[in-house]
4 protein chains.
Amino acid sequence: MNIAFLGLGNMGLPMARNLHNAGHRVTVWNRTLSKAEELRADGVSVAGTIADAVRGAEVVLSMLADDHAVSAAALRAGGIAENLAANAIHVSCSTISVALSQQLASEHTKRGQRYVSAPVFGRPEAAAAAKLFVAAAGDGADLERCKPVFDAIGQRMFVIGAKPELANVMKLCGNFLILTTIESLGESIALARKYGIDAHEFVDFLTNTLFGAPVFKNYGAIIADERYHPAGFKMRLGLKDVRLALAAAEAVDVALPAASVVRDHILTALARGMEDLDWSATAKLAAENAGLK
Amino acid sequence: MNIAFLGLGNMGLPMARNLHNAGHRVTVWNRTLSKAEELRADGVSVAGTIADAVRGAEVVLSMLADDHAVSAAALRAGGIAENLAANAIHVSCSTISVALSQQLASEHTKRGQRYVSAPVFGRPEAAAAAKLFVAAAGDGADLERCKPVFDAIGQRMFVIGAKPELANVMKLCGNFLILTTIESLGESIALARKYGIDAHEFVDFLTNTLFGAPVFKNYGAIIADERYHPAGFKMRLGLKDVRLALAAAEAVDVALPAASVVRDHILTALARGMEDLDWSATAKLAAENAGLK
Amino acid sequence: MNIAFLGLGNMGLPMARNLHNAGHRVTVWNRTLSKAEELRADGVSVAGTIADAVRGAEVVLSMLADDHAVSAAALRAGGIAENLAANAIHVSCSTISVALSQQLASEHTKRGQRYVSAPVFGRPEAAAAAKLFVAAAGDGADLERCKPVFDAIGQRMFVIGAKPELANVMKLCGNFLILTTIESLGESIALARKYGIDAHEFVDFLTNTLFGAPVFKNYGAIIADERYHPAGFKMRLGLKDVRLALAAAEAVDVALPAASVVRDHILTALARGMEDLDWSATAKLAAENAGLK
Amino acid sequence: MNIAFLGLGNMGLPMARNLHNAGHRVTVWNRTLSKAEELRADGVSVAGTIADAVRGAEVVLSMLADDHAVSAAALRAGGIAENLAANAIHVSCSTISVALSQQLASEHTKRGQRYVSAPVFGRPEAAAAAKLFVAAAGDGADLERCKPVFDAIGQRMFVIGAKPELANVMKLCGNFLILTTIESLGESIALARKYGIDAHEFVDFLTNTLFGAPVFKNYGAIIADERYHPAGFKMRLGLKDVRLALAAAEAVDVALPAASVVRDHILTALARGMEDLDWSATAKLAAENAGLK
């Protein structure tokens with residue numbers, strides 16, 4: 001397939017490479033072109049503008065930082081909507097707001113274009129290994145057409161529903177659950193440590209009994225090791241994610257009290273100088289709040 | 001070994017039977033004797049009083065409802081402390097407060113008796129299958145002596161530390177994590193449903209990606225099915241557990257904001273008539289609070 | 001003075017009338033002109049467009065619903081910024097975001113115009129009686145020029161600082177304190193009622209001892225009377241206000257845990273059908289959550 | 001009247017003196033007798049035991065530190081219940097749990113004695129000036145008999161109901177409202193300061209507009225001055241009070257989310273070394289959490 005790939009960050013770069021390796025004709029674009037050089041060396045086409053990348057593509061994947069970046073790339077003059085062929089598909093993989101996803105659906109539909117929302121779960125290592133989980137939503141036929149794309153970047157695709165924004169709701173709920181798990185781990189490890197239980201033994205017990213899921217293993221290890229730097233995912237990105245979850249919930253009059261607790265703690269962590277730490281450093285805040293060193 | 005087993009509830013009965021089946025000489029006691037009859041038929045000795053059960057035992061296991069019951073059985077006239085032989089071991093498996101566990105340690109030590117704290121994780125089915133997880137804390141030699149006991153009732157024993165109350169801290173932290181997981185699942189499933197995502201598909205996605213642990217699978221299924229009745233574990237037991245966790249934390253000046261949220265929701269669930277439902281029905285409260293029927 | 005007044009809602013109409021009564025030459029504008037008719041009868045000039053109202057004015061007061069309305073009136077083509085004379089003052093009395101207030105300051109300054117932020121405290125009765133409290137911020141000389149305006153609409157003006165947005169911060173903090181007071185009253189009255197204390201006697205005790213301020217008296221009476229309808233201030237306006245407070249705090253990395261609690265309860269109240277009730281009906285939610293009918 | 005007064009702390013000492021000054025025959029008792037010496041010099045009788053103080057008294061007032069002290073003084077051998085004459089009245093002024101108040105009512109009734117619950121509002125200066133507010137509950141005739149007592153110690157007595165424990169509920173609700181007011185002031189002052197608003201001007205605005213009650217004035221001044229030491233009321237007493245409020249609410253299945261927030265912050269303040277500060281130093285915690293020095 002002719003694929004355009006927009007956004008070559010920690011996640012986008014390995015995703016684009018995997019699409020190329022799977023035999024697709026991939027043209028990439030990135031705001032700073034230098035990032036594209038290593039892909040060019042592999043034989044990937046590099047476009048100087050979004051328009052050049054998008055024209056002629058059957059599928060355009062966007063993997064950008066936030067609402068601002070996606071909105072600019074998709075809806076401004078010279079952007080995706082202006083250049084995408086009728087019936088071609090824009091697959092949005094970024095973590096964006098439900099509201100923007102709804103707007104993209106409407107704008108593309110208006111132009112006879114297709115829109116699929118397909119945010120991904122996994123950290124950069126998973127992206128490199130083509131082991132991402134894809135939460136996809138959109139028209140059934142469109143999802144079918146995108147299957148080779150999803151096969152090339154992920155280990156499994158889940159259909160969340162026919163309305164594209166549902167995949168974004170799913171993504172935000174997933175991140176909400178990661179953040180609340182970090183919060184609960186942080187609080188309980190602080191309590192256990194204060195009594196004198198070793199953090200590693202605590203996590204070992206949990207993850208070998210009822211809590212043997214990656215989310216407990218990964219973050220339990222980071223918290224027990226106090227390995228918050230360098231950040232895999234910076235604190236301010238946690239704020240962004242919890243803000244998006246709260247906004248999605250507010251739009252349908254739903255309270256998320258556990259998210260409010262997380263949000264308050266992320267803001268406090270930021271105010272107390274943890275900006276450069278991993279978002280799981282809310283556990284460091286919990287430890288400090290417990291009076292631990 | 002000569003073992004006394006006190007408390008034949010949903011958990012205690014299968015635990016006592018497994019000890020008998022493993023070849024130990026078991027004498028049981030229960031507040032209402034009728035519960036002991038089916039064990040008597042299997043050849044287990046039944047004692048009419050705690051004193052009769054405890055005298056001559058090398059190890060006494062207690063598996064009772066709460067602090068009140070354990071304190072009465074252990075410390076009142078005619079109780080364990082009064083009748084336990086020097087150097088024999090009281091193994092407390094109940095979910096009790098850290099404070100009571102500390103008191104038991106002190107009372108038994110004063111009398112030249114041994115005390116091991118060994119709360120268990122698992123529901124009645126796991127107890128029947130001898131698949132409990134045992135979180136044990138106490139003197140190393142005592143734990144060694146108890147090994148055959150733990151082997152007979154559980155699939156694995158974890159040593160939490162030398163101070164017996166640490167096992168109770170671990171147990172309360174584990175229950176705290178179960179309750180916060182239920183809370184987060186309840187909130188996020190309510191949000192997803194409000195947008196139109198099917199609850200079963202939501203849980204299916206989660207438990208096949210980052211959240212593939214028993215705690216997410218079991219409670220995700222209950223919440224998606226809205227299967228809160230009959231209760232596996234009643235709402236008021238959830239209140240007891242979160243109260244114990246908060247008390248253990250308060251004793252060492254530690255705040256547990258996530259536990260406060262859970263506690264508030266359990267109280268609200270009780271006030272709004274969910275007393276007979278499973279403790280995971282805080283998810284039903286979350287759905288009602290989201291305006292879902 | 002030549003004064004333009006934009007926005008003739010429950011608050012704006014009496015404020016405009018008081019300016020006219022104080023002897024100023026007032027020209028009013030409102031999105032729906034019918035609201036202006038009773039002022040026209042009193043001899044107030046009515047403009048058909050913002051431009052007509054603003055041209056020639058020394059001071060323009062805006063008292064509009066929200067950020068959206070203020071931004072449209074001030075910054076769009078044909079709006080205040082385009083038509084305000086150099087050195088004339090835009091006095092923004094609306095409850096708007098700190099971010100918009102900063103933007104207005106910057107846009108007016110750019111054009112050689114003056115900007116004063118002056119949100120007001122008080123309900124419509126206070127506006128009618130010229131008893132509003134004005135929280136004003138801006139350049140000292142500008143505030144001096146506005147003094148006759150503030151004298152005509154309020155009982156007292158407080159200078160909050162030289163940066164206009166500080167008055168908005170003050171306003172949002174004031175509304176935050178009203179909302180948290182309502183929350184605390186609601187929770188405590190529910191508790192007292194559950195024990196059998198009469199709500200009126202409860203409020204009587206409080207407001208005659210340590211809590212004798214208007215905020216306790218007004219809302220204590222509403223809650224004790226369960227007088228939530230007709231709404232003086234609808235629930236969704238409470239959501240707007242708490243959202244603005246949280247956003248202002250988030251912009252400077254400050255958590256407001258008490259505001260998070262209020263926000264969660266307002267959303268729950270909305271989801272459970274209290275949209276048309278007064279914002280103090282979070283106390284009705286507290287009562288329902290306590291199991292009171 | 002013949003009055004026994006038990007407990008000569010910061011509050012009890014001036015209360016006992018005011019009863020003496022009002023012409024009553026007062027016999028005092030205190031755990032450490034030295035405190036009684038200055039009263040003895042004024043002609044007050046000093047008893048060496050509770051029994052000596054209580055025998056012959058028509059009314060016994062107790063003003064002691066907590067549940068533990070009141071329970072010991074009232075219910076142990078040699079205590080109030082054992083020595084109080086039939087039909088004489090025990091007036092409990094201490095801040096105690098609703099549960100203990102219920103127990104006292106039951107124990108005194110069983111012995112043909114009378115019990116009135118009459119916790120007081122006010123700090124030591126108010127006690128010295130006989131300006132306390134008394135929240136009294138009990139049998140109407142008993143309250144009538146106690147009127148001269150209340151007149152001598154307070155500026156006004158409020159009848160809360162016929163069941164004595166209702167006065168304790170009222171007291172705990174009052175303290176809850178003080179604590180939530182401190183919390184809200186602390187959060188909003190931290191926010192205002194972060195934007196650059198002067199804390200004193202902030203408080204000045206509030207207390208001259210909608211928030212002109214003693215609770216806002218007193219604590220607003222303390223927080224603006226950062227005058228947390230010496231403590232008028234130490235942090236751990238705040239923890240006691242919020243714990244009593246939460247326990248009273250839990251006993252009737254009522255959640256108090258605002259109290260949960262306060263409790264979490266008091267625990268964090270204690271863990272972070274604020275044990276010797278005034279309970280309003282949760283505002284110092286709010287400032288630190290906002291990144292203010």
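**Note on a helix pair in chain D and the pairing of chains A and B**

1. In chain D of this predicted model, helix α6 (residues 98–110) and helix α9 (residues 165–195) pack with their axes 8 Å apart and at an angle of about 160 degrees (axes are lines fitted to C-alpha atoms, for helices over the stretch in contact, and angles run from 0 to 180 degrees between N-to-C directions; helices are DSSP runs of H or I with at least four residues, strands runs of E with at least two, numbered from the N terminus). α6(D) and α9(D) are therefore roughly antiparallel to each other, a term used for angles over 145 degrees.

2. The contact is made by D:Val98, D:Ser101, D:Gln102 and D:Ala105 of α6(D) together with D:Glu165, D:Asn168 and D:Val169 of α9(D), where contact requires C-beta atoms, placed from the backbone, to lie within 7 Å.

3. Chain A is superposed on chain B by a rotation of 180 degrees with 0.0 Å of shift along its axis, at an RMSD of 0.1 Å (least squares on the C-alpha atoms of residues with pLDDT of at least 70 in both). That is the relation of a two-fold axis, and of the residues of chain A it is A:Ala213 that comes closest to the rotation axis, at 2.3 Å (C-alpha).

4. Between these two chains, 50 residues of chain A are in contact with 50 residues of chain B, and α9(A) gives the most to the side of chain A that touches chain B, with 18 residues.

5. Residues are numbered from 1 along each chain as its sequence is written, and chains are lettered from A and ligands numbered from 1 in the order in which they are written. Because the model is predicted, local features need pLDDT of at least 70 and side-chain atom pairs count only at pLDDT 80 or more, while totals for chains, interfaces and linings use all residues.

Terms used: Parallel < 35°, antiparallel > 145°, perpendicular 65-115°, else oblique.
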